[in-house]
Each structure stands twice: as structure tokens, then as C-alpha cells.
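Please look over the structure shown below before reading on; the briefing covers its nonpolar core and its salt bridges.

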Amino acid sequence: MSSSAQPQSQIGKPPTRDEKDQDSHPTIVPGASLLLALRLASRPILLIGGGLVASQRLYFLLESDAHITLISPSPLHPSIQHRIDDPTTSNQITWLERPYLGKKDEIKVKNFDLVMTAIDDNELSKEVCDLCREEKVMVNVADIPPQCDFYFGAQLRKGPLQILISTGGMGPRAGAMIRDIILNSLPENLEESIKGIGLLRGDLRKRAPGVGGKLGQERMDWMKDICDIWGLEKMSEFNNDQLRSKILDQGWENRKIIGPNDIDYDENRTPGLEKVLRFGNDIDWWTALSGLGVGATLASIGTLYLIRKGLLKA
């Protein structure tokens, strides 16, 4: 069956509150990986290897704010050496300049939250994998899927947005190609939209604190509907403090869904005439325009008078 003819039940989608038919349940298709976003800040990670693949692992670990113990003899890949020498990242790395000795090594896998190997020695890699399995420590052995408890996949990051494309270890290059397709199709201001919705969500939680219960459900439903009505592009405007306050005051406090067309808001906070026109509901803008016309006329008469009296040069 082609992917276009694939039934909806075969596309991985968990139940949602929007399901209209509660008796219809997606078919479980075994064999997938559980994709998670691990928080590794200050967590101990063991990385064995000093080549190109290890440099790629190190890059993602550093971005996760992990503390990495790196075991590898010299010379290191230039990227790894740069991170060790760079004072902005060097404090996250403990480099032991020697080969890893497996079971005999004084560095024990049980003292780490994750272990990764990126070396050419398959026997040593398997020994590391076996040690980790004995100690129940999750391990990734580069390029050997059966010895991996987790995969890296193709990743992209735009500000707070992170996307992982996993092929289950079958086709890393295909994953990278799919990643590039997604990257090229993302809106330019997507980071600002995500930051904006994060700020609105944070402000809402201050007004409606707590986890679970009726209030928590109302909060989640309201946020979902707000996101849907504003859309990704418009959510970038949530970075404005004035707008967020108005949405919460007029929307959340009244349990209403306020869209872009339902709220008086000058996104550029433009003073003067443009602001008068934008907030026409509160001001008689024809009167305002007339006032501007009269003011301009009086200024012109005054200028001509001063010129004729010789008090102002033309």
C-alpha cells in the first residue's frame, strides 16, 4: 500500500480531546521508537571517541548543557579540540587523553546517565554496550543499531524549536534529507511565534496556577483555542506585553476566545495620526482630521504674516 493510500489509523497519532468518535481508536503499530526531549543540564555523560562522529555527538550534548567526560587519545577532531580550548565550552568537558579500557577502566559506566561510543573498535564497542546493559545505563553505539538504546537522528534547531527525524537507525542520510525539506518550509519568524506563545502561557499560569483539575483543563483548552485562532504567524505578536495583557483581560477572564480581529491593539505602538485611525472606535477620527487641517491652515497664515513683516525669510 502506498503512503498516500495509507489509512489514517496507520499514521501515528495518539488520542486527543478533539476526537469526536470516542469508540474509534487508532491501530497500534509496533516497532517505533519513543521520541523524547531529554533534559541533560549538568547531567554526567560519557563519550568515548574523538573523531567526526564523536564531534557531532559532542555538539548536541554541549547544546543540552550536559557535562561530558570524553575519553580519547590525541589527535582529536578539530571541532572537538576547539570545544576543549574554547573557554565558553571547556568547563563542560573533562577530557581524558587515552584509550578507553573497557571493564578494566577506572571510569565506570554506572556513574553516568548516558554512554555513547564512536570508535572503530567493534569489540570494544560491544563490551561497552554489555557493561551498560548490566548496569542498566542507556547506551548508543554509533552505526550499530542493535547496540543502541536510543538514536540521535537528524536534528534541527530554530531558537526554542527542536525537531528530530528518526528512521529507526535504518537510513540516517534519508533522515537528514527530510530534515532539510522541513527546514526550508518553516516560516521565517517561527522562533518569535514560539517565544510569544511561551510568554502568554507563562502569564496565564500566573493567573491560573496549579496542575490538573477543572481550572487546569480550562487553561489548556483556552490556550489551544487561542493558538488555533491566531495561527503560527500571528502568534509572534504575543511578544508584546500590552497585547498579552489585553488577551488575558478580555479573553481569559471572561472565558472567551479572542482573535486578532477581536482586540484593539496597535502592534507597533505608533503614536499620532496612525494611532488615531487604528483606534477609531474610541475617537471621532473625522473630527481629528478636521482639527489637523485647521491647525495646518493657521500655521500657514502665521508663516505668511511673518514673511510680509520681514520677521521671517521665505
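Which side chain meets Glu63 in a salt bridge? Its partner is Arg157, at 3.1 Å from N to O, where a salt bridge means a side-chain nitrogen of Lys or Arg within 4 Å of a carboxyl oxygen of Asp or Glu. This is a predicted model, in which local features need pLDDT of at least 70 and side-chain atom pairs count only at pLDDT 80 or more, while totals for chains, interfaces and linings use all residues. Residues are numbered from 1 along each chain as its sequence is written, and side-chain values use heavy atoms, leaving out hydrogens and water.

- Asp105 forms a salt bridge with Arg98, with the closest N and O atoms 2.6 Å apart; Asp105 is buried at 0% relative accessible area, whereas Arg98 is partly exposed at 22% (buried is under 20%, exposed over 50%, partly exposed in between, with a 1.4 Å probe and protein chains only).

**Nonpolar core**
- The largest nonpolar core has 20 residues, and those with the most contacts inside it are Ile45, Leu47, Leu58, Ile80 and Met116; such a core is a set of buried Ala, Val, Leu, Ile, Met, Phe, Trp, Tyr and Cys residues joined through side-chain atoms within 4.5 Å.
- α1 gives the most to this core, with 4 residues.

Methods:
Helix = DSSP H or I, 4+ residues; strand = E, 2+ residues; numbered from the N terminus.
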